[in-house]
Amino acid sequence: MAEQAGLQHQAAAGIEPVIEAKGLSQGQIVRKRFLGHSGAIVGLAVFAVIFVMAFTSVGYAGIPGWWKFGHETVTPLVNDGAPTSSVWPLAWGEHPFGQDRIGRDLFAMTMRGAQQSITIMVVIGLIAGLIGVVVGALSGYFRGWVEAILMRLTDVIIIVPALLLAAVMAQMANRRDEAGWFASFASTNGVLAIGIFLGLISWVGLARLMRGEFLSLREREFVDAARISGASNARIIFKHILPNAVGVLIVNVTLTMSAAILTETALSFLGVGVKSPDTSLGLLISQNQDAFSTRPWLFWYPGLFIVLICLSINFIGDGLRDAFDPRQKKFNARKAKGTGGPIAPEKTPVAAMEGTAVNESAADGTAAGGTRGA
Amino acid sequence: MLTYIVRRLVTAALILLGASFLVYLLTAASGDPLAEFRASNAPNRDQLMAARSNLLDLDTPAPIRYFKWLAGASQCLIPFAGTCDLGRNTANQPITAALGHALIQTLTLVTAATVLAILVGITLGIITALRQYSTLDYGVTFMAFLFFSLPIFWVAVLLKEFGAIGFNNFLRNPEIPLPAAIGIGAALGLVAAIIAGGDPKRRALIGGVVFAVVTAVLIYFSVTLWFKTPGLGPVVIGIAGVGLAYAVTLLTAGLKNRKALQSALIAVGVGLVAYFAIQPLLNQATFLMIVLLAIATVLVGVAIGYLVGGYDRGQSMRSAAITSFLVGFLIVLDRFMQAWPTYFDNSRVRGRPIATIGASTPNIEGDFWVVSLDSFTHLILPTSALVLISLAGYTRFTRASMLEIMNMDYIRTARAKGLSERTVVMRHAFRNALIPIATIVAFDIGGLIGGAVITETVFSVRGMGFLFLDGIQHVDPNPVMGVFICVAITAMVFNLIADLAYSALDPRVRVKA
C-alpha cells in the first residue's frame with residue numbers, strides 16, 4: 001500500500017500516470033496511443049485523401065478514373081493555362097491546377113506524379129523492410145561469421161553513392177535496342193523498376209537498426225526460456241524476438257519511406273529517375289523550374305504535393321514512434337518545476353552500454369538524417 | 001584501444017577496396033563513353049573517338065583498368081612524394097588538381113551551412129525540450145517536420161525567386177511601406193510573445209515591446225534608406241554589446257556573479273575603444289589579419305576576466321572572452337556594411353548584389369571587404385537552403401536527447417541540492433545531452449564533402465557534386481573515383497572519430513578492444 005501511495009505521489013510530479021497498461025495487449029496500447037496522437041491522425045487523414053484522389057482521378061493500371069483528362073492529353077489552352085479553380089466562389093473549373101505550355105492538364109499530371117511517388121514509396125518500404133529484417137535478424141541473432149559478412153556487405157553498400165547506382169540503372173533501362181529482360185521490364189514499368197532498385201539499396205540503415213535490436217533482445221531471459229523449451233532458431237526469431245522488435249521496424253520503415261519520396265524526386269530532378277513521357281512530381285518541378293516567372297503554378301502544385309505526402313508520412317511515423325516507445329513518459333517541465341523536480345517512476349534505462357550502443361545510436365542518426373541526399 | 005583502432009582501420013581499408021572496385025565497374029558500365037561522338041556529324045569524328053578511347057583507355061577491359069587506376073592511386077599513400085596519380089578527366093586535367101579546386105568550392109559552400117544548422121538546431125532543440133508541449137514546442141516541431149519534408153531543389157528555386165530577384169528589386173528602392181513595417185513588426189512581436197513564455201501578461205508585454213521596436217527600426221531604415229548605406233556605428237555596437245554582455249553572463253556564469261558581469265562589460269568598453277583605434281588597420285585587412293585579430297580579441301577577453309578575477313576566475317574569463325569575441329564580430333560586421341555601397345555600385349555587380357548562381361562574380365576587383373562580400377552574397381542562398389533542410393534533424397535529435405537527460409536521476413539530485421535552474425540546465429543537462437549529438441555531428445561532418453550534389457547543381461557551384469555528375473555524364477570513371485575516394489575516406493574516418501568520441505565523452509561506453 002505504501003508503495004502504491006508513493007508511486008501515485010511521484011506520478012503527480014511532472015509525469016502523467018501510466019494507467020493504460022492495465023489489462024491491454026500491446027496492440028491495443030499502441031492503437032490507443034496512436035489514435036490519441038493528433039498530428040498522426042491528421043497526417044493519416046491527409047495521406048488518405050491524397051491517396052484516394054491520386055489513384056481514382058486519373059485511373060491506375062488501365063482502370064479509367066473520374067477526371068476528364070489524362071496526364072498526356074493535350075487540350076487547347078484555357079485562360080492562357082492559368083489555374084481555373086477559385087476558393088470564392090468555390091469552383092474547380094476546367095483546369096483547376098492550370099495547364100503547361102503545350103496544354104496538358106496539370107491536375108492530371110500532378111495526380112499521376114503523386115501515384116508514382118506513392119507507388120515508389122510503398123515498393124521501397126516493402127523491399128527495404130524485408131531485406132533489412134532478414135539481414136538484421138540473421139546477423140544479430142547468429143553473430144559470428146554470418147554477422148561479419150552481412151555487416152561488411154552493408155558497409156560497402158552504404159558508401160556506394162546512390163546517385164551512381166541510379167545512373168547505371170537509368171542507363172540500363174534506356175537500352176531498348178538490346179532485348180534484355182531488365183531493359184524491357186524497366187521500359188514498361190519505369191516507376192516500379194526505380195522503386196525496386198531504391199529498395200535494394202535503402203535497406204542498410206534498417207538492417208543495422210534491426211541488428212542492434214536483435215543483439216540486445218537475444219540476451220533476454222525469455223529467449224533463453226524458449227531455447228530451453230526446445231524452440232528452433234526460426235521459431236525464436238519469428239515468434240519471440242521479431243514481435244518485440246516490430247515497433248522499431250515499423251517506425252523506421254515509415255521514415256525510410258518518407259526519405260524515399262524525396263530521393264525519388266531528387267533523382268528525377270537530376271534526370272536519372274522517372275523519364276518523360278511518363279511523369280513524376282520531381283520531374284514536373286525539374287521541367288518547370290525555368291518557367292517560374294511566367295507560369296508559377298506549374299511549380300507550386302507538384303512541390304505542394306511532395307511536401308504534403310512527405311509531411312503526412314513523417315507525422316504518421318512520429319505518431320507510431322510515440323505509440324511504440326514504452327519509455328515514452330509525458331515529462332512536463334513546468335509541472336515538474338512547480339512540484340519540485342521531475343521524477344521518473346520507472347527509471348529510463350541508460351540507452352548506451354558497451355560498444356554496440358555506439359552503433360545503434362549511430363544507425364539511428366543515419367536513419368533519421370543521413371538518408372536524404374541534400 | 002589501439003587494437004580497436006587498428007582493426008577498424010584495416011576493415012575500413014578492405015571495405016574501401018571492395019566498394020571502389022564496385023564503383024569503378026558501375027561507372028564504366030553506366031553508359032557509352034563515346035555516345036556524344038556517335039551522334040555528331042563532325043568530319044573528324046573518328047579521330048575524336050580514337051582520341052577519347054585512347055584517353056580513357058577503352059581498349060582495356062574495365063576490371064583491368066581498375067587495377068591500373070589502383071596502382072596510380074596507391075602512390076597517394078606515400079606522403080610528400082608528390083607522385084599521387086588519380087588519372088585525368090576528359091578535359092585532360094589531372095584529377096588531383098580538379099579535386100583540390102572542387103573541394104575548396106564545396107567546403108566554402110557547406111561549412112557555414114553546417115555550422116549554422118548545428119548551432120541553431122541545438123539551441124532550438126534545447127529550448128523546445130525545456131518548454132515541452134508549449135505553443136513554441138508545437139510550432140518548432142511542425143516547422144521541423146515541414147523543413148524535413150521539403151525537396152531542396154524546390155526550396156532553392158523559391159529562394160532564387162524571392163530571396164534573390166525579389167530582394168534585389170527591393171534594394172533598388174529600399175523603402176518599406178508603412179503597412180509592411182507594421183506587419184513585419186506584428187509578426188515578430190507575435191513570435192517573441194510565443195518564445196517568451198510565462199504568464200499572458202508577460203507575453204503580451206514582451207510581444208508589444210518587440211512590435212514597437214521592430215516597427216520603429218523598420219520605419220527608420222525606410223526613411224534613411226539604410227539598406228543603401230548600411231552600418232551599425234559605435235552607438236549600436238555599444239548598446240548591442242551591453243545586451244550581449246548580459247546574455248553571455250546569464251548563460252555562462254549567472255547574473256549573480258557580479259565579477260563575471262563586470263568583466264563582460266569591461267570587454268564591451270574595450271571593444272568600443274578598439275572600434276575607433278582599429279578602423280585604419282581594417283582598411284588594409286586580409287583574411288589572415290582577421291583571424292589573428294579574432295584570436296587577439298579572445299585573448300584580450302581572457303586577460304580582462306583574469307584581471308577582474310572574482311571567486312571563480314574561470315567564469316569571468318569565459319564570459320569576458322565570449323563577449324569580446326561577439327563584440328569583435330559586430331565590429332567586423334560594421335566594416336562589411338561600410339564596404340557595402342562600394343560593392344553595390346561595383347561595375348560588375350550593377351546594383352543586383354544577391355546572386356543566384358556560381359560562387360563568385362567573375363573578374364571582380366576590390367579590396368578584401370568587397371571580395372568577401374561578393375562570396376558572401378553568392379553563398380547566402382545555398383547556405384540558407386542547406387540550413388533550412390538540415391536544421392530539422394538537429395532540432396529533433398537535441399530535443400529527444402535533452403528530454404531523456406532531464407528525466408535522469410542526477411538532474412533531480414542537482415535540483416534537490418538547490419542549484420539554480422541555469423546551472424542544472426547548462427552544466428548538468430546540456431553537457432550530457434551533447435554527447436549523442438557529438439556523434440551525429442561527427443557523422444555529418446564526415447558526409448559533408450559529398451553531401452550537396454543537388455544544391456551544387458541548382459546553384460551551379462563547381463564543387464565535388466559537379467565533378468561527380470560530370471564524370472557520370474561523360475562515363476569517365478576517374479573523376480567519379482576521385483570524389484568517391486575522398487568522400488568515403490572522410491566518412492569512414494569521421495565514423496571512427498564519432499565512435500571514439502562517444503566512448504571518450506561517456507565513460508559508460510567502452511569500445512570493444
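Where in chain A is Arg143(A) found? The legends below start there, and the model they describe is a predicted one.

View 1. Arg143(A) lies in the loop between helix 4 (106–142) and helix 5 (144–159) of chain A. Most residues other than glycine have a negative phi. As for cover, Arg143(A) counts as partly exposed, at 29% relative accessibility.

**View 2. Ser460(B), a non-glycine with a positive phi in chain B.** Here the loop is the one between helix 17 (453–458) and helix 18 (464–473) of chain B. Ser460(B) has a phi of about 50°, and with a relative accessible area of 37% it is partly exposed.

**View 3. Helix 12 and helix 13 of chain B, packed together.** Two packed helices are described by the angle between their axes and the distance between the axes. For helix 12 (residues 287–308) and helix 13 (residues 313–344) of chain B, the angle is about 145° and the axes are 7 Å apart. Helix 12 of chain B passes helix 13 of chain B in a right-handed crossing. Want to spot who meets whom?

**View 4. Gln315(B), a buried residue in chain B.** Stay with helix 13 of chain B, which also holds Gln315(B). Its relative accessible area is 7%, so Gln315(B) counts as buried. Setting aside neighbours within four places in sequence, Gln315(B) is in contact with Thr252(B), Ala253(B), Asn257(B), Ala260(B), Arg422(B) and Arg427(B).

**View 5. Inside the largest nonpolar core, with its 117 residues.** Phe214(A), Ile309(A) and Met402(B) touch the most other members of this core. Helix 11 (residues 233–270) of chain A gives the largest share, 14 residues. Zoom in on Met402(B) and, beyond its neighbours within four places in sequence, you'll find contacts that include Ile126(B), Leu130(B), Val425(B) and Phe430(B). There's also a second, separate core of 51 residues, with Ile124(A), Ile159(A), Leu267(A) and Val480(B) among them.

**View 6. Chain A, with 15 helices and zero strands.** Chain A has 374 residues, and 51% of them are buried. Among its contacts between residues at least 6 apart in sequence, 71% join residues at least 24 apart.

Methods: Residues are numbered from 1 along each chain as its sequence is written. Chains are lettered from A and ligands numbered from 1 in the order in which they are written. This is a predicted model: local features need pLDDT of at least 70, side-chain atom pairs count only at pLDDT 80 or more; totals for chains, interfaces and linings use all residues. Side-chain values use heavy atoms; hydrogens and water are left out. A nonpolar core is a set of buried Ala, Val, Leu, Ile, Met, Phe, Trp, Tyr and Cys residues joined through side-chain atoms within 4.5 Å. Buried means under 20% relative accessible area, exposed over 50%, partly exposed in between (1.4 Å probe, protein chains only). Helices (H or I, at least four residues) and strands (E, at least two) are DSSP runs, numbered from the N terminus. Contact means heavy atoms within 4.5 Å. Axes are lines fitted to C-alpha atoms, for helices over the stretch in contact, and angles run from 0 to 180 degrees between N-to-C directions. A crossing is left-handed if the near helix is turned anticlockwise from the far one by less than a right angle, and right-handed if clockwise.
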